[in-house]
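Here are a few notes to read alongside the structure. Please follow each point on the display as you go.

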Amino acid sequence: MNDHTTLLVTVTGRDRPGVSARLLSTLSVYPVILVDLEQVVVGGRLVLSALVAVDDGVAPGVSHDRVFTEIRSSVDKACIDLDMDVEFSTGNGRVGAASAEQLHVTVLADPLRPGALGAIASCVARAGANIERIERLASYPVTSIELDISGADPERLRGDLSMEAATQTIDVALQPSGLHRRAKHLIVMDVDSTLIQGEVIELLAEHAGCAEEVARVTEEAMRGELDFEDSLRRRVALLKGLDASAVDAVRDQLVLAPGARTLVRTLKRLGYECAIVSGGFSQVTDALVERLDLDYSMANTLEIVDGKLTGELVGPIVDRKGKAEALRRFAGEAGVPLSQTVAIGDGANDLDMLQTAGLGVAFNAKPVVREQADTSVSVPYLDTIVYLLGVTREEVEAADRNGDLDDPAA
């Protein structure tokens with residue numbers, strides 16, 4: 001790459017059709033190459049920047065200063081016609097590829113305040129990194145802003161961002177840039193308190209009249225204070241004698257997490273395969289597979305004899321290790337490397353799965369899970385996960401408008 005004298009042309013004003021075309025048409029009559037181009041519209045106001053350098057191969061020996069003087073004059077006239085403002089700035093630097101170490105910082109908040117985003121920008125600056133671009137991914141149901149940065153040590157920055165996110169009560173994710181970000185092709189979700197609202201075993205316990213005791217054991221297990229298999233068997237034993245019709249009733253009253261349908265629908269349109277893995281029960285999760293058109297599923301199975309729950313389970317237990325094993329098996333069947341998988345969960349028994357996946361997301365999770373996952377989401381909308389993959393709200397809605405699946409707002 002060669003060193004070039006460059007001219008930065010920045011046009012600002014009311015956004016309307018034709019501004020970019022007019023600027024590029026004006027520049028096209030001069031012997032210059034387009035080094036960089038950026039356009040953003042905020043609140044109806046356009047900021048358009050073009051960085052150009054003289055093409056010495058086309059115009060050898062030509063005076064760069066003379067070319068830039070002529071460009072200034074022509075662009076000034078064009079901007080008067082367009083009722084736009086323009087600024088010029090010359091520089092001298094190496095024109096080439098961007099830094100190899102490119103990262104995405106994705107911020108989620110409801111609401112997002114300037115001070116919070118400013119604190120994140122300060123973290124980036126303290127890490128010696130540069131913000132190359134800022135883009136809004138969504139304005140509802142939460143605000144999501146993404147910063148493209150370069151020159152940072154990812155591990156150091158991840159720690160700093162995590163602490164600042166906790167201070168500002170926002171969610172922040174740090175991921176490498178590159179094609180692999182949208183190359184992820186398998187998502188594996190926990191079910192209770194992730195894909196659905198509430199815990200199935202607690203709903204069953206309400207029918208059995210032992211809700212308080214079961215809820216207490218569930219909470220201890222989710223915090224990692226009890227072995228999951230022992231806690232599960234203790235809770236299931238309390239359901240002994242419950243009529244199997246209660247399982248049907250619970251299955252019918254399940255409520256999906258806000259945005260669950262949108263998340264699954266959007267990811268399947270992107271070519272993902274979608275799976276659930278649950279410490280709950282197949283008698284319930286099988287209905288979710290059909291309801292959401294999921295590709296894979298694994299869960300525990302309640303033993304039912306003569307129309308009654310026996311208080312026992314059938315087959316191997318899907319516990320913390322079992323969930324990670326399920327992720328590996330699903331990835332193998334889908335032909336997807338683990339680096340291209342996403343796992344979502346909220347409890348301690350999801351940790352192995354989250355750490356095995358290419359991206360592990362703690363969703364409204366317990367502190368021990370948030371601390372160990374790649375990133376965390378604390379807003380109640382499951383579809384915000386797509387923003388971590390660089391998908392914008394506008395892309396989601398455009399797909400819904402053009403798609404043939406119903407319930408786009410779920």
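1. In this predicted model, four strands form an open sheet in the order β6-β7-β5-β8, and their pairing is antiparallel. The edges are held by β6 (130–138) and β8 (171–176); each has a single partner strand, so one side of each is left without a neighbour in the sheet. From one strand to the next, the twist averages 20 degrees.

2. As background, strands of a sheet pair through backbone hydrogen bonds, and the pairing is either parallel or antiparallel. Here, strand β5 (residues 102–109) pairs with strand β7 (residues 143–150) in the antiparallel sense, over eight bridges. A109 has T143 of β7 as its bridge partner.

3. Strand β8 includes P176. Is P176 buried, partly exposed or exposed? Its relative accessibility is 44%, so P176 counts as partly exposed, since that class lies between 20% and 50%. Leaving aside residues up to four places away in sequence, P176 touches Q102, L103 and H104. The C-alpha atoms of P176 and A244 are separated by 48 Å, and the two residues are 68 residues apart along the chain.

4. Turn next to a pair of helices. The axes of α6 (residues 211–222) and α7 (residues 228–237) come within 10 Å and cross at roughly 170 degrees. Angles over 145 degrees count as roughly antiparallel, so α6 is roughly antiparallel to α7.

5. Which residues make this contact? From α6 they are V214, R216, V217, T218 and A221, and from α7 they are S231, R234 and R235. By class, the contact of α6 with α7 has three nonpolar, two polar and three charged residues.

Note on methods:
Residues numbered from 1 in each chain as written. Predicted model: local features only at pLDDT ≥ 70, side-chain atom pairs only at ≥ 80, totals over all residues. Heavy atoms only, no water. Pairing = 2+ DSSP bridges. Helix = DSSP H or I, 4+ residues; strand = E, 2+ residues; numbered from the N terminus. Axes fitted to C-alpha atoms, helices over the stretch in contact; angles between N-to-C directions. Buried < 20%, exposed > 50% of the residue type's maximum accessible area, 1.4 Å probe, protein only. Contact = heavy atoms within 4.5 Å. Parallel < 35°, antiparallel > 145°, perpendicular 65-115°, else oblique. Nonpolar A, V, L, I, M, F, W, Y, C, P; charged D, E, K, R; others polar.
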